[in-house]
Amino acid sequence: MEQSTNKLQAPGASIQWFPGHMTKTLRLMEREIRNVDVVLQLLDARIPRSSLNPEIARITAGKPHLYLLNKADLADPDVTAQWLAYFRRGGDACLAVTSKGRGGLQNVKKAIEAELAELLARRAEKGMAGAKRRVMVVGIPNVGKSTFINSFAGSARAKAADRPGVTRGKQWVTVGDFDLLDMPGVLWKKFDSQRVAGNLAFIGSIRDEILDIESLAMSLLGEMREMYPDRLAERYRLSTEELSQEDDYALLEAIGRRRGMLMSGGMVNTERAAIMLVDEFRGAKLGRISLERPDEA
Ligand code: G4P
């Protein structure tokens, strides 16, 4: 299949959507992977497949791996349960977490130790049981890495002093028995589907400034109409007729009209409506939503 760059990108925009620092991060990851014991990869629970960066998967293959479906509080709990079963069936350790607003994450510590059971046993035999577990924390931008690390660390957080040879842009954080290597969020250069690009944009992993907000809102409406029509109807008091029309632009207009977003002459301000819709989705005003299911191809 021919790969396409993100079509949601504003045409002719001079802004580079894949910034140079992401290339640097991938290189850094390639260098550092040999210095860690386990990889903790954060995925967005609402889009576990789209948020699984193939570049990260390539670089970290061969290391013990734990997936965290973060922002589980925003995702549909039944679908999250299906994803957990899906990853575990494939032999991957996976937990659903909510990094924001709750402490603890004790189950994550236990899961990391379970992944490292063999290594820890070997170390114990050599009298090195006290050695820190070195954990690389990776994920796409905005997936909640900083929030996770703060929450994981709790009050025990201690930033390790700069170590010799440590390159700028990477940071070790010591938390009890763990040394966490906090990697900047990174995307990949080409998306092999428009759907993946859209999903990443909906959750705010691609900077909004380079997106056409009305196109984004219309794609989101397309997804929502298919998967959660009742939520849309309820939130924006849409009639069955309005909801079933094929035209996503007309639907955006209907939503804007309901919210009184009118310009002079009675035209709907669809840009304002689009911003509002995307914000409300991100803020879970439309309820807990999962945009991907494991049984989809
Ligand atoms: P990053 O380091 O991976 O880029 O992500 P970061 O931790 O900065 O989190 C990005 C946004 O996601 C933040 O919201 C953060 O609060 C939110 N977030 C992280 N984990 C969770 C979670 O488990 N559940 C929910 N609901 N939100 C989460 P923000 O609006 O950018 O900042 P703030 O106003 O919340 O501080």
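These legends describe close-up views of the ligand and its pocket in a predicted model.

Local features need pLDDT of at least 70 and side-chain atom pairs pLDDT 80 or more, while totals for chains, interfaces and linings use all residues. Residues are numbered from 1 along each chain as its sequence is written, and side-chain values use heavy atoms, without hydrogens or water.

**View 1. The shell around the ligand.** The shell holds 13 residues, each with a heavy atom within 4 Å of the ligand. D73, S99, K145, S146 and T147 come nearest. By class, the shell has two nonpolar, seven polar and four charged residues. Here Asp, Glu, Lys and Arg count as charged; Ala, Val, Leu, Ile, Met, Phe, Trp, Tyr, Cys and Pro as nonpolar; the others, Gly among them, as polar. Helix α6 (residues 145-153) gives the most to this shell, with three residues. Helices are DSSP runs (H or I, at least four residues), numbered from the N terminus.

View 2. A polar contact here pairs N or O atoms within 3.5 Å. S99 places a backbone N or O atom 2.8 Å from a ligand oxygen. K100 uses a polar side-chain atom, at 3.1 Å from an oxygen of the ligand. At V143, a polar backbone atom lies 3.3 Å from a ligand oxygen. The protein covers 62% of the 710 Å² of accessible area that the ligand has on its own (Shrake-Rupley method, 1.4 Å probe).

**View 3. The largest pocket.** The ligand sits in this pocket, with more than half of its atoms within 2 Å of the grid points. A pocket is an open set of points on a 1 Å grid over the protein atoms alone, where a 1.4 Å probe fits, with protein on both sides within 12 Å along at least five of seven lines. The volume, the space filled by probe spheres set on the points, is about 220 Å³. Lining residues have an atom within 4 Å of a point; among them are N70, K71, L74, T98 and N142. The lining divides into one nonpolar, seven polar and four charged residues.

Notes. A polar contact is a pair of N or O atoms within 3.5 Å; within protein, one must be able to donate a hydrogen and the other to accept it, and residues adjacent in sequence count only if both atoms are side-chain atoms. Helices (H or I, at least four residues) and strands (E, at least two) are DSSP runs, numbered from the N terminus.
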